[in-house]
Amino acid sequence: MIRNKLFTTLLTGLLILLASSTQAQTPTQWFNDKDLTLTGAYYYPEHWDESQWERDFKKMHELGFEFTHFAEFAWAQLEPEEGRYDFAWLDQAITLAAKYDLKVVMCTSTATPPVWLSRKYPEILVKAEDGTVLDHGARQHASFTSSLYRELSYKMIEKLAQHYGNDPRIIGWQLDNEPAVQFDYNLEAELAFRNFLRKKYNDNIKSLNNAWGTAFWSEVYSDFDEITLPKHAQMFMNHHQILDYRRFAASQTNDFLNKQCLLIKKYAKNQWVTTNYIPNYDEGHIGGSLALDFQCYTRYMVYGDNEGIGRRGYRVGNPLRIAWANDFFRPIQGTYGVMELQPGQVNWGGINPQPLPGAVRLWLWSVFAGGSDFTCTYRYRQPLYGTEQYHYGIVGTDGVTVTPGGHEFATFISEIKELRKHYAPRDTKPADFQARRTAILFNHENSWSIERQKQNRTWDTFAHIEKYYRTLKSFGAPVDFISEAKDMNNYPVVIAPAYQLADKELVDRWTAYVKNGGNLVLTCRTAQKDRYGRLPEAPFGSLITPLTENKLDFYDLLLPEDPGTIVMDGKKYAWNTWGEVLIPAADAQVWTTYTNEFYEGKPAVTFRKLGKGTITYVGVDSRDGTFEKDLLKKLYAQLNIPVMDLPYGVTLEYRNGMGIVLNYGDKPYTFNLPKGSKVLIGNNEIPTAGVLIFSL
Ligand code: GAL
């Protein structure tokens with residue numbers, strides 16, 4: 001009865017809210033909104049005696065898990081000799097899993113080639129820059145650039161896809177494991193790099209010389225065959241070359257995964273294909289394999305670094321670590337999953353503490369809050385041998401005792417199953433929440449480029465971006481990290497922090513966005529170089545002058561022990577990493593000025609109306625982010641966008657007609673429930689690592 005009433009309320013709310021929501025997330029064909037989310041656990045049948053499989057799947061099922069994850073590192077068992085495949089054991093494991101209602105995520109085990117492969121074809125092994133050749137006995141030692149490695153991988157994958165591509169017990173596929181960008185120094189990689197450059201520069205070495213500025217220091221090339229892989233160890237290596245090399249290296253990972261995916265899709269018509277990236281945002285490959293159905297990430301929260309809040313913060317983790325990954329992965333294709341979430345202690349941190357009781361459940365809700373479709377945990381059983389012996393699982397070393405984290409997974413799953421009874425569609429979100437939707441425009445190439453020429457050792461591109469991101473989360477704003485491929489017009493506010501590499505086309509797009517009613521925030525270092533990393537032959541920083549109408553007089557960088565100050569509305573803030581002294585447009589409002597040095601009184605921040613929108617230019621990076629917070633507060637007030645003021649550590653998200661409040665703080669937090677809402681889980685007094693779920 002109560003549930004029915006709740007459902008009606010949700011539905012009514014939905015009608016109002018959908019009408020006000022302009023930005024719907026693409027619902028995918030793969031998941032069902034009414035499931036809210038699915039939860040799974042990794043299992044490695046090849047690690048355990050076959051006689052235990054059934055017991056383990058039965059227990060996994062009893063704990064509530066709905067899927068499992070097989071064959072991630074099992075190439076040696078799947079193809080024990082070249083060309084001889086053995087899937088009988090995997091068939092048996094799948095049959096037993098299905099008996100206990102567990103669907104399966106199938107993997108391509110390309111992170112762990114069998115020993116016969118490395119011994120017979122040693123040329124597939126990655127060669128490090130210092131000449132060390134990686135060897136069998138660990139993982140991720142095979143080169144994605146090796147055409148032979150690719151060929152052998154594709155053969156194995158095709159067999160697997162032929163065998164399982166049409167099997168309804170398999171829901172989807174994970175390619176490789178945590179595929180990253182490799183820096184392989186084999187000759188084959190060098191030749192591939194040259195070909196990449198030939199293609200990019202239309203076989204014209206003069207174009208390359210021009211792009212890389214090789215007139216400098218006699219670096220000029222007369223033929224593509226003279227080009228080698230850049231040596232990072234060489235401090236002053238041409239950074240234009242490094243920029244292209246990083247593009248090339250990312251493309252190798254992307255091509256390899258893309259081809260794996262297309263191969264599987266030849267056979268698998270009703271199974272999704274994804275991979276499990278580490279959220280290393282600046283590696284440049286995430287989202288680059290276009291055939292994938294959606295993107296997944298892996299996330300570890302507690303490993304000994306104290307990135308959390310308060311004395312026990314190291315047991316809870318960084319409050320924005322999952323949120324940021326959600327907001328980065330979801331916008332790529334409208335949905336995402338989390339393939340690995342730690343169930344307890346890990347074994348690879350500097351110190352591997354126990355998570356705070358409640359923290360594992362908090363992380364699960366954090367993943368959910370961002371709009372995910374599933375979370376899987378690494379791993380079901382704690383390993384008894386091998387590199388990861390001390391790594392916790394859902395059950396301990398005896399294979400049956402449920403760990404504290406295992407119990408928290410079970411709690412989360414039962415809570416989700418209860419909530420499914422009165423789900424609302426994914427995009428049911430309040431209008432005021434939607435109104436503060438903000439995009440952060442991100443391109444990994446900016447941080448690559450800045451990193452090679454920081455100009456101030458205390459500059460940190462990600463810390464700079466975080467000052468804005470953290471503010472937006474305190475506003476209770478939905479945030480999407482977007483690439484230039486996305487339509488900015490979906491967002492009332494777009495922030496492009498330290499967006500160093502740009503071109504006229506991008507500046508024109510920004511201008512059109514603003515003229516159309518968008519509110520653009522550009523921050524220091526933006527559009528100072530072209531896409532090759534060169535400075536345009538024009539006044540410094542003038543690429544965006546047509547948009548801001550400002551001129552950049554000069555920039556200054558200060559010693560961290562002697563910071564400068566800026567002032568906005570009578571309040572002072574410290575800065576030292578980067579400060580641009582602006583000559584403002586005639587119609588610009590100056591919002592912030594420098595208060596010392598020989599440029600005292602000169603503008604650091606300008607705000608200007610243009611067409612139907614506004615452009616805010618922030619020429620300075622503050623020390624601790626309070627300035628960025630106050631600045632965005634001022635801007636959103638000016639734009640009549642309602643914002644909240646949540647303390648750091650508390651986040652609020654909405655999905656499926658529910659509000660989700662998470663407390664990573666070291667004190668209880670009292671949340672003011674919106675009028676008419678109803679608590680579904682928890683209490684409005686939220687303890688540390690606590691969660692509050694309410695219906696709209
Ligand atoms: C991940 C990796 C898993 C496992 C895990 C241990 O980075 O993808 O295979 O090694 O770490 O925490």
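Guide: Axes are lines fitted to C-alpha atoms, for helices over the stretch in contact, with angles from 0 to 180 degrees between N-to-C directions. This is a predicted model, where local features need pLDDT of at least 70, side-chain atom pairs count only at pLDDT 80 or more, and totals for chains, interfaces and linings use all residues. Residues are numbered from 1 along each chain as its sequence is written, and side-chain values use heavy atoms, without hydrogens and water.

Visitor: Are α15 and α18 parallel, perpendicular or oblique?

Guide: Find α15 at residues 461-474 and α18 at residues 626-638. Their axes lie 9 Å apart, at an angle of about 55 degrees. That makes the pair oblique.

Visitor: Which residues of α18 meet α15?

Guide: Start on the α15 side, with Lys467, Tyr468, Thr471, Leu472 and Ser474. Across from them, α18 supplies Glu628, Lys629, Leu632 and Tyr636.

Visitor: How many residues of helix α14 are buried?

Guide: Buried means under 20% relative accessible area. Helix α14 covers residues 444-452 and is largely enclosed by the rest of the structure. Trp448 and Ile450 are among its buried residues. Of the nine residues in α14, the buried count is seven.

Visitor: Which side chain makes a polar contact with glutamate 653?

Guide: Glutamate 653 lies in strand β20, residues 650-655. This glutamate 653 is buried, at a relative accessible area of 10%. Its side chain has a polar contact (N or O atoms within 3.5 Å, one able to donate a hydrogen and the other to accept it). At 2.7 Å, the partner is lysine 473.

Note on methods. Helix = DSSP H or I, 4+ residues; strand = E, 2+ residues; numbered from the N terminus. Parallel < 35°, antiparallel > 145°, perpendicular 65-115°, else oblique. Contact = heavy atoms within 4.5 Å. Buried < 20%, exposed > 50% of the residue type's maximum accessible area, 1.4 Å probe, protein only.
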